[in-house]
Amino acid sequence: MTDIVAPAPIDELPVGPSTDDPDNFDDEADDWVAALPGMVQQTNAATAATYQNALAAAERANAAQSAAGVAVARAEEADSASLAAEESRDQAVAAANSLTVSAELAQNWATKTDAEVEPGQGYGAKKYATDAADAALAAQGYAASASPRPIQAGNAGKFLRTNGITESWEFAGISEVLSVATTDFTFTGVYQYLPVQMATKGKSAKLPDATSLTPGGPMYIIDNSLGEVPAGIRNNAGTLIGAMAAGGIAYVSLKTAGTQAGVWSITGTGLEAGLVVQDTPLPATYGGTVAMKANVVLDSDTSVHFVQIASNGFAAILVDNAGKVVSTPLTISAASGDVPAAAWKVTSTQFIVFYGPDPGQSLNTTNHRISLVNVSGTSPSRTMSIVSSPTLTTGSIPTWGGEDSTGASRLVQLSATSYLCGYVESSNVASAVAIQVSGNTATIGSPVPIPNTTTQSTLIGSQSVYLCGSNVLMIFGNVGTGFYEAVMLTVSNTTTGKGAVVATGMAYSGSNSTPVAVFSATRALMLGNNSGTTVGYVYLAISALSIVPNSFASLETGLTFEQGYSSSNLPANRFTPRLFPVSASAVMAIWTTNTGLWRMTILTDTGTGIGVSSSDTMRNVSAATAGGVGSATLLPPGTAEFVTVAVDGVSISGTVAPKYRLVPYKVTGTAITTGTHERMEKGCSYVAASLPHPAVRMSSGVYVMGMQPGSDNPSSDLLVFSSNGEKINMKGSISVPGLVNVPHNICTPSTSRIVLVASAAGGAAGLTSGNRIRVLNVEIAA
């Protein structure tokens with residue numbers, strides 16, 4: 001109805017001009033005339049408010065009249081029902097009285113002891129007993145007909161449903177069959193059957209406002225049995241709560257009706273845990289064998305990804321979830337072998353990408369390049385353009401020090417506009433260089449050499465950089481001393497400052513970078529090994545640009561430390577072994593041994609050192625046969641739980657038929673316990689020397705995991721599950737096209753969505769160049 005408004009008061013006019021006051025006549029006339037336009041506006045507003053209130057009054061009068069008519073009709077029905085009830089009550093009372101008399105006579109006759117009844121006498125005990133029974137049945141019938149609600153022939157077969165406020169006559173089951181839905185559909189009724197045959201992917205049926213309904217059901221049957229593409233089910237707030245594969249059927253019941261979205265229960269066949277809302281094949285000019293690992297999330301609906309150009313180089317694409325489109329690819333580089341090393345968001349409409357020859361192909365370069373890219377336009381017509389392209393010139397070394405978005409970090413983002421790279425020159429000199437973004441310009445500063453503790457000619461390498469408050473901690477190995485060394489760096493625009501280099505006491509392990517956990521701007525932890533036989537850590541106390549390392553502390557001795565365990569078998573890791581945060585002051589350390597075991601322990605920052613929990617064995621692993629029976633993969637962990645994927649199998653005539661199982665672990669304080677294993681029924685095809693991945697743990701705690709892609713095993717299912725560390729809650733799977741070359745670091749633009757950019761599988765030649773790129777935008781059901 002039209003709202004009732006309170007009219008604003010009209011301001012009084014100033015004193016008007018008068019010939020009795022000729023001295024002030026002109027000024028008063030000017031003031032009076034100047035006030036007239038404002039008074040006109042206020043008068044119009046008051047008139048409009050009066051008109052609106054008149055409409056509101058008329059609407060309410062009509063509504064009252066209509067309600068009065070309904071009330072009269074209900075009163076007449078009630079009066080009729082009341083008269084009928086009164087009549088039925090009187091008849092019931094009379095029948096009951098008759099019953100009482102007949103029962104008394106029957107009792108008298110049954111106990112009669114005087115003269116016998118003469119033959120032919122009209123009544124006897126049997127007759128009175130029969131009369132009593134007939135009267136009881138009549139009383140029951142009259143009582144039943146004394147309902148206050150009259151019989152309504154139009155509601156035959158229905159029952160009366162109430163939510164405590166209103167009531168309605170409804171069928172006990174589905175009462176309406178709707179037309180076939182071929183695109184997005186919204187229910188407006190209840191107890192409906194909806195056949196769906198969606199014409200395109202990503203379409204859904206939306207349920208009504210739950211506050212208008214009463215819990216129960218099933219209220220809806222959504223039938224995709226004749227559909228050829230999956231269909232989603234959304235609540236009234238638009239959240240995906242379920243999906244059906246082609247051929248599936250869903251039965252939807254309402255559990256809780258307190259909100260617009262409500263809480264629904266979905267059962268049925270062919271149900272899935274998410275929906276591919278966008279599936280875009282790129283033109284044949286894009287494709288190849290390299291998985292582009294970098295990606296950038298600009299906002300919850302927009303992400304940037306990189307794809308290989310079939311001829312040479314790579315391009316950027318923008319995935320627009322709001323418009324369900326992929327932008328025209330923007331060529332970043334046309335040079336052979338070039339790949340993105342890392343990329344970051346600068347603003348919601350700008351990103352920066354660092355690139356050069358692929359370090360994974362052992363390609364070195366003297367030119368390390370940057371592209372600063374602007375995003376313009378609005379959904380679904382957004383475009384990208386390069387606005388700045390500076391180059392860093394060095395000796396012949398890996399691109400940006402070997403940065404690849406998955407290994408040890410050589411590039412670090414200090415802020416949206418400030419970056420630093422740590423690298424080792426071909427002359428065996430560690431260096432650092434700052435990069436600054438200002439508007440549409442990216443500027444590379446002058447490299448700063450980092451002297452080591454021996455001589456500049458000493459071979460150094462395996463550098464890595466970590467954000468430590470507003471400064472950067474740089475770690476690098478020194479072959480001359482045999483130890484890792486550390487230095488604190490500052491960045492001011494394009495200028496890099498440095499503190500004193502210190503030897504950490506952690507033995508340098510050759511080509512591997514040591515894992516580092518930063519607790520705060522003043523405390524950090526290094527994990528590594530000494531002499532290749534002792535696993536341990538070094539605690540770093542930091543004050544501004546000064547570093548004071550504690551002595552090396554042992555965790556396990558007498559073994560060969562497998563620090564170089566393949567990162568492809570640990571997709572959760574930037575490199576291995578790894579320190580995983582459990583809290584702001586604790587990390588979980590994991591390492592492998594030459595005895596075929598993974599170890600894990602909780603290391604706690606005490607403020608002056610490290611507290612160590614007892615070491616636990618996580619899973620039996622064989623480093624020599626990674627991916628074989630008994631091996632395991634760690635999925636991206638949470639702070640209170642984590643999950644591994646273990647390979648189990650049975651040897652039959654010399655062959656192995658392995659299966660995968662999910663193994664949950666719970667972290668409570670400094671204790672780690674194993675939960676109940678869950679056998680994986682989907683996505684179990686085995687690939688030699690590999691394990692299922694990629695995988696991601698959403699911020700909601702839900703895991704999404706694919707299978708290890710390969711030419712003989714294209715990824716065909718995404719498994720969705722959660723865990724509390726004690727048990728696996730398997731939510732189901734999502735059917736996706738066969739993909740290969742899937743990046744390990746899956747992009748998660750929002751809490752319920754992932755984006756996969758990979759090559760479409762091509763059978764036995766699935767890893768050959770020329771595979772078309774597919775962009776899959778996948779929404780995970782709540």
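Both Glu 779 and Arg 234 are buried, where buried means under 20% relative accessible area, exposed over 50% and partly exposed in between, with a 1.4 Å probe and protein chains only. The model is predicted, so that local features need pLDDT of at least 70 and side-chain atom pairs count only at pLDDT 80 or more, while totals for chains, interfaces and linings use all residues. Residues are numbered from 1 along each chain as its sequence is written, and side-chain values use heavy atoms, with hydrogens and water left out.

## Salt bridges

Side chains of opposite charge can pair when their charged atoms come close. The structure holds 9 salt bridges, each being a side-chain nitrogen of Lys or Arg within 4 Å of a carboxyl oxygen of Asp or Glu. Three of them are listed here.

| Salt bridge | N to O distance | Separation in sequence |
|---|---|---|
| Lys 293 and Asp 404 | 3.9 Å | 111 residues |

Lys 201 counts as partly exposed, at 36% relative accessibility.

Lys 293 forms a salt bridge with Asp 404; Lys 293 lies in the loop between β11 and β12 (295-299) and Asp 404 in the loop between β21 (391-398) and β22 (411-415), so the pair ties together parts that are 111 residues apart in sequence. Lys 293 is partly exposed, with a relative accessible area of 29%, and Asp 404 counts as partly exposed at 24%. Salt bridges that share partners join Lys 201, Asp 279 and Arg 774 into one network.

## Aromatic pairs

Rings of Phe, Tyr and Trp (its six-membered ring) pair if their centres lie within 6.5 Å, and planes under 30 degrees apart count as stacked, over 60 as edge-to-face and the rest as tilted. By this rule the count comes to 13 aromatic pairs. One of these, between Tyr 220 and Trp 264, is tilted, at 6.3 Å centre to centre and 55° between the planes. This pair links distant parts of the chain, since Tyr 220 is in strand β7 (residues 216-223) and Trp 264 in strand β10 (residues 263-272), 44 residues apart. Tyr 220 is buried, with a relative accessible area of 0%, and Trp 264 also counts as buried, at 11%. Ring pairs link Phe 185, Phe 187, Tyr 220 and Trp 264 into a cluster.

## The nonpolar core

A nonpolar core is a set of buried Ala, Val, Leu, Ile, Met, Phe, Trp, Tyr and Cys residues joined through side-chain atoms within 4.5 Å. The largest has 24 residues, and those touching the most other members are Phe 187, Val 196, Leu 207, Tyr 220, Ile 222, Ile 233 and Trp 264. At least two residues of this core come from each of β7, β8 (231-234) and β9 (240-256), with β9 giving the most, 5 residues.

Technical notes
Helix = DSSP H or I, 4+ residues; strand = E, 2+ residues; numbered from the N terminus.
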